[in-house]
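I opened the model today to look up a few places in the chain. My notes follow in the order in which I took them.

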Amino acid sequence: MVVGTSSGAGKSMICTAICRILSNRGYDVAPFKMQNMSLNSICSVEGGEMSVAQYLQSIASRKHPSIRYNPLLLKPENGQTYVVFEGNFTERLPAMSYMTDRKKKYFEKGIESLKKLIAENDYVIIEGAGSPAEINLKKYDIVNMAVAKAVNADTILVTDIDRGGSFASITGTMEIFDERERSLVKGFIFNKFRGNAAILDSGFEYLYDRYSVPTIGVVPMFNHKIPEEDSLQDWEKKGGDLDIRILKIPHISNFSDFTPLSWYNGIRYVENAEDVGGDIFIIPGSKRTVDDLNWIEEKNIGSALKKSMGKGTFAIGICGGYQMMGEFIDDTFETGAGRCEGLGIFPVETAFKSEKITGNVARRVLWNGMDMEVKGYEIRHGRTVPGCENHLFFSEIEKDNAGIIKSEFEGSVIDNAFGTYLHGLFYNDLFTRCFLNHFRSKKGLEPLDESGNSLDEEIERWSSFVDKNTDLKPVLGE
């Protein structure tokens, strides 16, 4: 098990690295996290909803991403907790009610799943959440040391030394742990270090003398390109040949959609009407679509976008962003706001239903002369229909026996905008290069080369770096 002295310590990335390190050594390995809280989710191989972190760890383990690896996914909603269990939405209730009344039943089922994974694999790499030593929360714990104790997991404690206070954080965590919890800790990792590690030796000696636990790694700061999962990430403001801006709405979700655009070009997250514009402007997915639509209108971002489109900006709406760019949204499920007027960019209307659509899909792009297959996933309560004749951005790949495409309406394109429900679109390397090269050509820029970007190669690069800077033997028993 990997736990951290704080949120953002690097637990997810260390787990990803360990999964790949063990897989490279020939072991059968699987990831696990009992409970994840994030607005950034993705579809499993079963078609259910799971966290991005365990999805990436599945790839690192060379396993199909499965809901088994992340039984509980929580999405915070204005004081409410939206609960996804084993891939499916189960209930929405006040956060305190979930913590005090519901956690226990989910924990017991999750431990059953974990024990099955342990029986099937050489190693299971379990990720904790936040800090495992929050005094006010320990009695409600179902994701940190409660899991470690339930399966007697050898545990690594990770700290982010770049933030400062790492030795105090480790000492404080160990002091708050009970005797059983301390006995499970087999190693410390100092993550995101800058400088000469020899300066840390006296601190390592202190920790070993006090707890008989070795420091098994000092991982220097590393510039990887693996998607971030949670909103503690640094919101990028990196320029490129193309000016690509993404609207950082208050309830932004699935922002990992845009990581490939960062690889190829650079992106900027913006929040104000005066920052609307650029070559490409994107409204991303949202967990509170109507609330974010109201925020857009209050800040006059909608009118600024229309003016900018008139001057040449190309606009994109992904999932909730696509819904906002339509004419109307009928919201009786998410916020109960009823029928609301959208930005009016696409001639479509959306209604929210309690039954959620989730799944991995393949589509054919029909835009700007493109006719190519792309893959991605959908996670949505919305159902969108055209208000009038509407040009499709996507078409279904498969047809029925009569050759008729049977598909729910799910994408629109006009001269200077497209909208789609497909998450993960930009991870399709060929599409993304063709898409960006279209705008590069308009600016007289050379086309992107065909070298491409591989998430698996990036995981390999990161994992190799961690392997060189850690010694996992005290934990793995090798």
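**Entry 1: the start of the chain**

I began with Met1, which sits in the segment before β1 (2-4). Helices (H or I, at least four residues) and strands (E, at least two) are DSSP runs here, numbered from the N terminus. The model is predicted, so I kept in mind that local features need pLDDT of at least 70, that side-chain atom pairs count only at pLDDT 80 or more, and that totals for chains, interfaces and linings use all residues. Residues are numbered from 1 along each chain as its sequence is written, and side-chain values use heavy atoms, with hydrogens and water left out.

Is Met1 buried or exposed? Its relative accessibility is 8%, so Met1 counts as buried. The classes are buried under 20% relative accessible area, exposed over 50% and partly exposed in between (1.4 Å probe, protein chains only).

I then listed the contacts of Met1, leaving aside its neighbours within four places in sequence. They include Ile126, Glu127, Gly128, Val143, Asn144 and Val147. Ala153, Asp154, Thr155 and Ile156 are also among them. Contact means heavy atoms within 4.5 Å.

**Entry 2: the whole chain**

I counted 14 helices and 25 strands in the chain. The radius of gyration is 23 Å, close to the 23 Å that the globule rule gives for 478 residues, so the chain is as compact as a globular protein of that length. That radius is taken over C-alpha atoms, and the rule is 2.2 Å times the number of residues to the power 0.38. The C-alpha trace spans about 70 × 50 × 50 Å along its principal axes.

Buried residues make up 57% of the 478 residues. Among contacts between residues at least 6 apart in sequence, 72% join residues at least 24 apart.

**Entry 3: helix α1**

α1 covers residues 11-24. This helix has 14 residues and reaches 20 Å from its first C-alpha to its last, close to the 20 Å expected at 1.5 Å a residue. The expected span is 1.5 Å times one less than the number of residues.

Why do I call α1 largely enclosed by the rest of the structure? Because 12 of its 14 residues are buried. Among them are Lys11, Arg20, Cys15, Cys19, Ile14 and Ile18. After α1 comes Gly26, with a positive phi near 95°.

**Entry 4: the cavity**

On a 1 Å grid over the protein atoms alone, a cavity is a set of points where a 1.4 Å probe fits but cannot get out; a pocket is an open set with protein on both sides within 12 Å along at least five of seven lines; lining residues have an atom within 4 Å of a point. Grid points are joined across faces, edges and corners, and a volume is the space filled by probe spheres set on the points.

The structure holds 1 cavity of 30 Å³ or more. The largest cavity has a volume of about 190 Å³. Its lining has 19 residues, and Ser286, Cys319, Glu334, Ile379 and Arg380 lie nearest its centre. The elements giving two or more residues to that lining are β17 (285-286), α11 (320-324), β21 (348-367) and β22. β22 has the largest share, 4 residues.

I sorted the cavity lining into 4 nonpolar, 10 polar and 5 charged residues. Ala, Val, Leu, Ile, Met, Phe, Trp, Tyr, Cys and Pro count as nonpolar, Asp, Glu, Lys and Arg as charged, and the others, Gly among them, as polar.

**Entry 5: the second largest pocket**

This pocket holds about 610 Å³ of space. It is lined by 28 residues, with Ile42, Tyr55, Lys375, Gly424 and Tyr427 nearest its centre. β4 (41-43), α2 (52-60), α8 (259-264) and β22 (370-386) each give two or more residues to the lining. α2 gives the most, with 4 residues. The pocket lining divides into 16 nonpolar, 9 polar and 3 charged residues.

**Entry 6: two asparagines**

Asn254 has a positive phi near 55°. I found Asn254 in the loop between β14 (252-253) and α8. Asn254 is buried, with a relative accessible area of 4%.

Asn300 has a positive phi of about 60°. Asn300 lies in the loop between α9 (289-298) and α10 (301-310). With a relative accessible area of 48%, Asn300 is partly exposed.
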